[in-house]
Amino acid sequence: LRIRLALDSNDNPHILYRHWGAAYPRYCYKDSIWHLCGPVEPDSGDANVQADVNIVLDNQDQIHIAYKYNDYVQFISGFKYAVGTLQGVDENSGSGKKGRLKSLVVYPTPASKRVKIRYDLIQQCAVELLFYDVTGACIKRLKRGSLMPGTYQEEFDLRDLAVGVYFIVVKQDKEKVSKKVLLIK
């Protein structure tokens, strides 16, 4: 087990770790709750982290990660450097801070069969409504298109999905807002 810790400007912990048997380091951080963001830039092949992992936060709390790896398939080794290339979805407050999305509400959660999503747009923009699993894989595109300002509500059937944690993500331009959904049966 290899672990590195960094504190952001609000003294929130950011942890980079590599568990024995896991090929790539993983990342998590805590603000009001812990967020597991998943593996750091996974590649194809059987690469393996061979040395300590290091994490540093810059003056905008952006993560910078470095580690040494060996790829046993291609017989190469080297150093990896990543900045903001984490796989996974982190949950945020559900309110756009400066963009075109005013709010995002997902209910009920936990959900068993269907979930409702309500979001408010401040101005016209291109919007994508996506559904991710906990590993950061996009499993459904729920909506895509240019929308006018206003309140929108969608309802989606979840009965074909396995029990677990999922994320509803609304993307517009460079802003993204997400909410966690716990699916139970």
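**Close-up views of the predicted model**

**View 1. The largest nonpolar core.** In this predicted model, the largest nonpolar core comprises 24 residues. Ile-117, Tyr-119, Leu-121, Leu-129 and Ile-168 are the residues with the most contacts inside this core. Two or more residues each are contributed by strand E9 (101-107), strand E10 (114-121), strand E11 (125-133), strand E12 (138-147), strand E13 (150-157), strand E14 (164-172) and strand E15 (175-183). In soluble globular proteins, nonpolar side chains tend to be buried together.

**View 2. The surroundings of Ile-117.** Leaving aside residues up to four places away in sequence, Ile-117 touches Leu-104, Val-105, Val-106, Leu-129, Leu-142, Tyr-152, Gln-153, Glu-154, Phe-156 and Ile-168.

**View 3. The aromatic pair of Tyr-119 and Tyr-152.** Two aromatic pairs are found in a search of the whole structure. In the pair shown here, the ring centres of Tyr-119 and Tyr-152 lie 5.7 Å apart and the planes meet at 20°, so the pair is stacked. Distant parts of the chain are linked by this pair, with Tyr-119 in strand E10 and Tyr-152 in strand E13, 33 residues apart. Tyr-119 and Tyr-152 are both buried.

**View 4. The aromatic pair of Phe-131 and Tyr-166.** Phe-131 and Tyr-166 form a stacked pair, with 5.3 Å from centre to centre and 20° between the planes. Phe-131 belongs to strand E11 and Tyr-166 to strand E14, 35 residues apart, and the pair thus links distant parts of the chain. Both Phe-131 and Tyr-166 are buried.

Technical notes. Residues are numbered from 1 along each chain as its sequence is written. This is a predicted model: local features need pLDDT of at least 70, side-chain atom pairs count only at pLDDT 80 or more; totals for chains, interfaces and linings use all residues. Side-chain values use heavy atoms; hydrogens and water are left out. A nonpolar core is a set of buried Ala, Val, Leu, Ile, Met, Phe, Trp, Tyr and Cys residues joined through side-chain atoms within 4.5 Å. Buried means under 20% relative accessible area, exposed over 50%, partly exposed in between (1.4 Å probe, protein chains only). Helices (H or I, at least four residues) and strands (E, at least two) are DSSP runs, numbered from the N terminus. Contact means heavy atoms within 4.5 Å. Rings of Phe, Tyr and Trp (its six-membered ring) pair if their centres lie within 6.5 Å; planes under 30 degrees apart count as stacked, over 60 as edge-to-face and the rest as tilted.
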